[in-house]
Structures are given as C-alpha cells and as structure tokens.
Amino acid sequence: MRVLVVGGTGTLGRQIVRQAIDQGHTVVCLVRSLRKATFLKEWGATIVGGNICKPETLPPALENIDAVIDASTARATDALTIRQVDWEGKLNLIRAVQKAGIKKFIFFSILRAVEYPKVPLMDIKHCTEKFLAQTDLDYTVLQLAGFMQGLIGQYAIPILDNQSVWQTGENTPIAYMNTQDVAKFAVRAVELDSVARQTYPVVGSRAWGATEIIQLCERMSGNTARISQVPMAVLRFMRSLTRFFQWTYNASDRLAFAEVLASGKALTAEMAPVYEQFGLDPKETTTLESYLQEYFGRIIKKLKELDYEVNPTQTDGKKKKNNFFF
Ligand SMILES: NC(=O)c1ccc[n+]([C@@H]2O[C@H](COP(=O)([O-])OP(=O)(O)OC[C@H]3O[C@@H](n4cnc5c(N)ncnc54)[C@H](OP(=O)(O)O)[C@@H]3O)[C@@H](O)[C@H]2O)c1
C-alpha cells in the first residue's frame with residue numbers, strides 16, 4: 001500500500017515509517033522541514049513538504065495515497081499552539097483526506113481523554129475522536145498512554161548524571177509503551193479492514209508509578225536518585241502564570257497534564273483482546289525492565305569504552321560525579 005505518514009520526524013512517527021517500510025509498504029512523509037527529514041529519505045521514504053496548519057500544502061502529499069497515519073502533534077518548543085496544530089491542523093488534514101477520496105485514516109488519541117475536559121490536549125483528542133466518528137472515513141483510533149522513550153530524559157539521564165529528578169507527590173501509574181511496538185499496531189491498522197471505525201487502547205503490559213521507575217533506574221545504573229518534590233499547588237500556580245502569555249501557552253497546556261498525574265487513576269487498559277484483533281504477539285512487546293536494561297547496558301558499555309567508570313569510588317570513599325551528558 002502507499003501510506004502517507006504525517007509527523008514522520010517525531011518520536012513515534014519515525015518508528016511508523018521504519019515499520020511500514022519493513023512491512024513492504026511504499027511510504028510518503030509529509031514534513032515541515034525537508035532538511036530535518038533526510039534520514040527518512042535514506043530509509044527509503046519519499047518526503048513531501050507541507051504543514052497541516054497550511055491546508056493548501058496538503059493535496060500534493062495526498063496524491064495516489066491509500067492510507068494516512070497521522071503521528072503529528074504540536075512540539076513544546078513550537079510557536080504554534082496545541083489548539084492550532086492538534087485541533088485546527090487536524091481538521092484541515094481530515095478534510096483534505098476526505099476530499100482526496102482516501103478512506104483509511106489512523107489517529108493517535110490518549111487513553112481516558114474523555115475524563116479530562118479541562119486538560120486542553122485531552123479535550124482536543126476527545127473532540128477529534130468525535131469529529132472522526134461523524135465522517136465517512138474508515139478511521140482507527142489508537143488510544144496511547146506514555147512512551148518509554150520519554151523516560152530517558154525524565155529519569156534515566158538525570159539519575160546517571162546525578163542531576164535532580166522532579167517528582168510531584170502524586171504517583172499515577174502509567175502503562176508506558178515502546179514506540180516501536182506502538183508502530184506495529186499502527187501499521188497493522190492500515191492493513192486490517194476489521195479495525196475500521198473502531199477505537200482501541202494501545203498501552204504497555206503494566207502500569208508503573210514514578211517511584212517504581214526511579215527505583216528501577218537506580219538499580220540498573222547503580223546510582224542513587226536526587227529527588228526534588230514539586231507540590232501540585234506549585235504546578236497549578238505555574239500553569240495560571242504561563243496562561244497569561246501566548247508564547248507560553250504550550251508550556252501551560254503541558255502543565256495542565258499535572259491534573260492527570262494527580263488523579264491517581266492508572267493510565268492502563270486490558271490489552272489481550274487488542275493483540276488478538278491485530279494478530280500481534282504480546283510476548284514480543286518490550287517490557288519497561290528490558291527497555292531500561294538495554295539503555296543502561298549500552299550507556300555503561302560506552303562509558304567503559306571511553307575509559308570511564310560509572311561512579312568510581314575514590315580513595316577517600318566519596319562518589320565521583322559523572323558529567324558525561326553536559
Ligand atoms: N509522547 C507521548 O507520550 C504520547 C502519549 C500519548 C499520545 N501521544 C500521541 O502520539 C502522537 C505522536 O507523538 P510524539 O510524541 O511522537 O510527537 P513528537 O515527537 O513531538 O513529534 C511531533 C511530530 O509532528 C510534526 N508536526 C508538528 N506540527 C506540525 C504541523 N503543523 N504540520 C505537520 N507536522 C507537524 C513534527 O514535525 P517537526 O519535526 O517538523 O517538528 C513531528 O514530526 C501524537 O498524536 C501524540 O499526541 C503521545
């Protein structure tokens with residue numbers, strides 16, 4: 001099939017491109033920057049310039065396409081807001097897909113989005129699900145929780161480098177998934193007629209709280225985490241402050257996620273029927289232990305090759321600070 005991937009330069013999007021090419025599909029990527037996307041071209045994808053917030057740029061990318069996988073979302077660093085990209089941009093894209101006569105459309109939502117109408121991105125995701133249901137598209141919605149890749153910057157690197165790990169008092173467990181595994185579901189969704197007009201959770205095998213992840217990282221790195229607690233009240237105050245200025249809207253909308261973390265309701269779901277429906281094997285899905293083990297194993301090996309030791313004990317018994325990441 002000829003598959004258009006939107007957001008192919010992103011964390012999830014690039015894994016979808018890889019997986020779709022490996023499965024024998026012809027992949028076209030709609031990208032904002034051709035320069036940033038050269039690696040996708042090297043993998044065998046065709047890249048076409050475009051921006052979902054500029055509807056006039058969409059038709060050329062949609063020519064001769066059988067299915068669209070949309071993995072785009074507003075970047076935290078972008079001038080464009082979540083509303084502009086994840087709502088207005090998505091509506092542009094969905095309308096252009098309909099106009100091009102393409103039926104298959106894969107959309108990534110967030111698990112339990114319906115329960116958080118006051119969290120902007122959750123509300124937008126839920127509204128997009130409702131919007132899709134009103135179209136005649138053979139859409140499939142995959143509701144995600146969190147990506148294992150995000151845990152590296154949040155926990156693994158600061159713990160290895162003796163930097164502070166920020167934590168709120170609340171500890172809502174999240175069933176993180178490796179984006180490589182999410183990509184398998186996305187590409188299968190394109191291939192299967194039986195998943196049309198359906199919504200599925202796509203989450204990891206077990207939900208992990210922040211404290212458990214920190215303990216796991218400590219065990220695997222051999223370092224002790226320096227934990228800094230941020231009270232929820234401070235996050236709420238920062239949110240109200242960042243809401244004042246347009247250029248901090250994205251930061252504010254992300255801080256709103258603190259409400260999800262404060263809820264205590266685990267972001268997880270029963271996956272056995274989903275694996276069955278998609279014809280995938282749960283035993284092949286990455287566990288968080290194996291993901292982090294592989295990460296720390298690789299980093300520690302690299303450090304040893306560089307003739308460093310992680311946390312060598314000096315003659316005075318004090319631990320030496322690692323500064324490999326700055
Ligand atoms: N990250 C998570 O933990 C998580 C959890 C639940 C659901 N999801 C969902 O999973 C999907 C993928 O997320 P991600 O974390 O992989 O995203 P990401 O790494 O932030 O990448 C975002 C992608 O969207 C592209 N993009 C942004 N604005 C665009 C625009 N106006 N026009 C065209 N492309 C645009 C970016 O292109 P550039 O390279 O040009 O910036 C990039 O390729 C999203 O739908 C997200 O909501 C993510």
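Val 5 stands opposite Ile 69 in β4. β1 and β4 run parallel and are joined by four bridges; strands count as paired if DSSP finds at least two bridges between them. Strands (E, at least two residues) and helices (H or I, at least four) are DSSP runs, numbered from the N terminus. This is a predicted model: local features need pLDDT of at least 70, side-chain atom pairs count only at pLDDT 80 or more, and totals for chains, interfaces and linings use all residues. Residue numbers start from 1 along each chain as its sequence is written.

**The sheet**

- Seven strands form an open sheet in the order β3-β2-β1-β4-β5-β6-β10, with parallel pairing.
- β3 (46-49) and β10 (198-201) are the edge strands, and each pairs on one side only.
- Neighbouring strands are turned by 20° against each other on average, direction ignored. Axes are lines fitted to C-alpha atoms, for helices over the stretch in contact, and angles run from 0 to 180 degrees between N-to-C directions.
- In general, strands of a sheet pair through backbone hydrogen bonds, either parallel or antiparallel.

**Strand β4 and its partners**

- β4 (residues 67-70) also runs parallel to β5, with four bridges joining the two.
- Ile 69 stands opposite Ile 106 in β5.
- Asp 70 has Phe 107 of β5 as its bridge partner.
- From β4 the chain crosses through α4 to β5, and this β-α-β crossover is right-handed. That term applies if, with the strands pointing away from the viewer, the path from the first strand over the helix to the second runs clockwise.
- Both faces of β4 are covered. Ala 67 and Ile 69 are buried on one side, Val 68 and Asp 70 on the other.
- Buried means that 20 or more other C-beta atoms lie within 10 Å of the residue's own; exposed means 12 or fewer, and partly exposed lies in between, with C-beta atoms placed from the backbone.

**The ligand shell**

- The shell around the ligand holds 27 residues, of which Gly 7, Thr 9, Gly 10, Leu 12 and Ser 72 come nearest. A residue is near a molecule if its C-beta atom, placed from the backbone, lies within 6 Å of it.
- α1 (11-22), α4 (82-99), β5 (104-110) and β7 (146-147) each supply at least two shell residues.
- α1 gives the largest share, three residues.
- The shell divides into twelve nonpolar, twelve polar and three charged residues. Nonpolar covers Ala, Val, Leu, Ile, Met, Phe, Trp, Tyr, Cys and Pro; charged covers Asp, Glu, Lys and Arg; the others, Gly among them, count as polar.

**Two partly exposed residues**

- Trp 166 lies in strand β8 (residues 164-167). Trp 166 counts as partly exposed because 14 C-beta neighbours lie inside 10 Å.
- Leaving aside neighbours within four places in sequence, Trp 166 is in contact with Ser 228 and Val 230.
- Glu 259 lies in helix α11 (residues 258-262). Glu 259 is partly exposed because 17 other C-beta atoms lie within 10 Å.
- Not counting residues up to four places away in sequence, Glu 259 touches Tyr 116, Lys 118 and Val 119.
- Glu 259 and Lys 118 are 141 residues apart in sequence, yet 8.9 Å apart in space, C-alpha to C-alpha.

Definitions and conventions: Contact = placed C-beta atoms within 7 Å.
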